[in-house]
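Colleague: I am new to this structure and would like to learn how to read its features one at a time. Could we begin with the structure itself in view?

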Amino acid sequence: MNMHAAIPMTSGPTRGPGLPGEEDVFRATGVRASHLSPIPRAGVLPPHHPGRGCADHSGYPYPLWSGGLLPEPEPGRPGEVRLRGRHLEATVDLAHGGRLLELVTWGGAGLSAVAHAVMDGRDARGTGLRGGVEWNPSRLRRSPLALEPVHATVSLPDRLGGDRLRWWELERAGGYLCQVDLHLPDGAPVLLVAVRQTPLTSAVDGAEPGFTMLVDDARWGGTGDDGSATILTGAAAISVFGDITRHTDGDSTGAEPVARPANDGQVVRWLALAVAPVDSERLAALVPAVLAGLEDPAPADGTGQVGTGSAWAGLEVVRARERGTAVPVVPAATPVREPAEPADVAARLRGVPEQQWLHLFRDEGLGTSDRVHPGDVGHPVGHHWLSELRRAHRRESLGDWRVHLRLGDIAFLDGDLREAHQRWSWSHALRPTVWTERNLALVDLAAGRIQDAAVRLLRAHRIDPQEVELGVEAVGCLLGAARVQDCTVVLDRMAVRAQDSSARYWLLRAEVALRSAAGEQAHAHLEEARRCPDGKAFEPWCHSIAESLRT
């Protein structure tokens, strides 16, 4: 198994301020835990942004940005890994959720892709990746969490010969640990995928975990006599074996393996991919060994460890121990070092925003520091941390703005918009921050208060002008509120911070010029956008503006 360089890729009172007469805004009908809130983000996007055309394009709570290009893998993070078997080779991008970039025979036939960033209004992430096969361990449609670096990875000897790669992911919004084993067995020309999903609490509000395989730029090609389903791409026909549910998502086609209940609320799934003829009976004989292999221990001495990822697993172990519940990790099988004490986790998280979560176990809220900068807030966690956050809320006599912020995030992801509004309002009253300003702007927009939303986003961008996507939302909402002069203020801030190297900056300039009837300037801005390194990714937006200029 060889490492390769990564592909370059262009509270106080329990009730806060209410909203009389706006019950419909807060009903969130049909939204279950781990599903996106129904607040549309389209209203904070510029007029020609492709995301405006997607009716269910919903907003994630800040700072889960979904509209910007994904960064290069950080130094020391795992990149691409190549697996080799007797029949096939496979390349996996661990920096972006274990994306399968290549599955080819030794003769070179099969699937081979280069991941590239795209902007697509049908993608709830706004801008994401296409190319290859995406593994989405979430019920969230095109979840941003599916593109995060995997948290830990280890190569293991395969029971069936060939190579095996195991990685671990934390699906924080839904509250599941996800273990994925990829096999290239010697006995058949297939890639076997076994998945075990373990709830982080005894029950995650009845929400069943999901695991979807998406093949980009593909379509279903029929069913074979052996029960396999065929996915057709421009370069290869991929046969999918297993008990699957077919799935189509915009420009991608995929399958979700049917769940098999296991112990302690766990769910096990499997599927197989082939790019060459395969004997289905021989394949069926391999499946029991592959599923049993989920229990195979990872070497305690770190042998075969490809990447350590983050310390989120350690946090989950500490959380379970503090609650006195079973640890939701299978320590022997999960390639994550189990911490002995909270201090062990603290040592690994030193200087990292996630360290603040350890304060919850010492009844210190989310930390005593009142420094406010983008790194302070850390990453959002899911519903399974609700008990700790509520306990901190009850114990904090003066209130902790971070606790309210996170309680609002969880309510938002659960679809409880009224509770999200109350928590974010209290957080803002305790400490005005970019996060509450932006999140409350979405609520204002859903209630039809576009001027209030525009003011909030203008303030949010003043607080954190480093985030390009916040500039996109601010300009979009300001245009909707007919505050063109304020758009210029935002764009000037962006230029001072060298954000004019992104096509988004020039496309925003073109939007403002178009609104001001300055067609010649708009054309010039479009040309600048096309010359930017990320110009290709934002071509749909550019094309939409150009079409308006022609009419």
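Modeller: Let us begin with a term: contact means that heavy atoms lie within 4.5 Å. Please keep in mind throughout that this is a predicted model.

Colleague: With that term in hand, which residues of α7 meet which residues of α8?

Modeller: On the side of α7, the residues are V434, E437, R438, L440, A441, D444 and L445, and in α8 they meet I450, D452, A453, R456, L457, R459, A460 and I463. Sorted by class, this contact of α7 with α8 has nine nonpolar and six charged residues, and no polar ones.

Colleague: How should I describe the way two such helices lie against each other?

Modeller: In general, two packed helices are described by the angle between their axes and by the distance between the axes. Here helix α7, residues 434–446, packs with α8 at an angle of about 165 degrees, and their axes are 8 Å apart. Angles over 145 degrees count as roughly antiparallel, and α7 and α8 are therefore roughly antiparallel to each other. Their crossing is left-handed.

Colleague: At what angle do α8 and α10 pack, and how far apart are their axes?

Modeller: Helix α8, residues 450–463, and helix α10, residues 484–496, pack at an angle of about 20 degrees, with 11 Å between their axes. That makes α8 roughly parallel to α10, and α8 passes α10 in a left-handed crossing. The contact is made by L458, H461 and R462 of α8 together with D486, V490, R493 and M494 of α10; by class, it has three nonpolar, one polar and three charged residues.

Colleague: Which residues touch the most other members in the largest nonpolar core?

Modeller: The general idea is that, in soluble globular proteins, nonpolar side chains tend to be buried together. In this model the largest nonpolar core has 55 residues, of which V475, L507 and L526 touch the most other members. Leaving aside residues up to four places away in sequence, L526 touches L507, A510, C542, I545, A546 and L549. Apart from that core lies another, of 35 residues, including V92, V195, I244 and A255.

Colleague: Finally, is E148 buried or exposed?

Modeller: Buried means under 20% relative accessible area, and E148, at 18% relative accessibility, therefore counts as buried. E148 lies in the loop between β8 (133–136) and β9 (152–157). In sequence E148 and L170 are 22 residues apart, while in space they are 9.8 Å apart, C-alpha to C-alpha.

Note on methods
Residues numbered from 1 in each chain as written. Predicted model: local features only at pLDDT ≥ 70, side-chain atom pairs only at ≥ 80, totals over all residues. Heavy atoms only, no water. Axes fitted to C-alpha atoms, helices over the stretch in contact; angles between N-to-C directions. Helix = DSSP H or I, 4+ residues; strand = E, 2+ residues; numbered from the N terminus. Parallel < 35°, antiparallel > 145°, perpendicular 65-115°, else oblique. Left-handed = near helix turned anticlockwise from the far one by under 90°. Nonpolar A, V, L, I, M, F, W, Y, C, P; charged D, E, K, R; others polar. Core = buried A, V, L, I, M, F, W, Y, C linked by side-chain atoms within 4.5 Å. Buried < 20%, exposed > 50% of the residue type's maximum accessible area, 1.4 Å probe, protein only.
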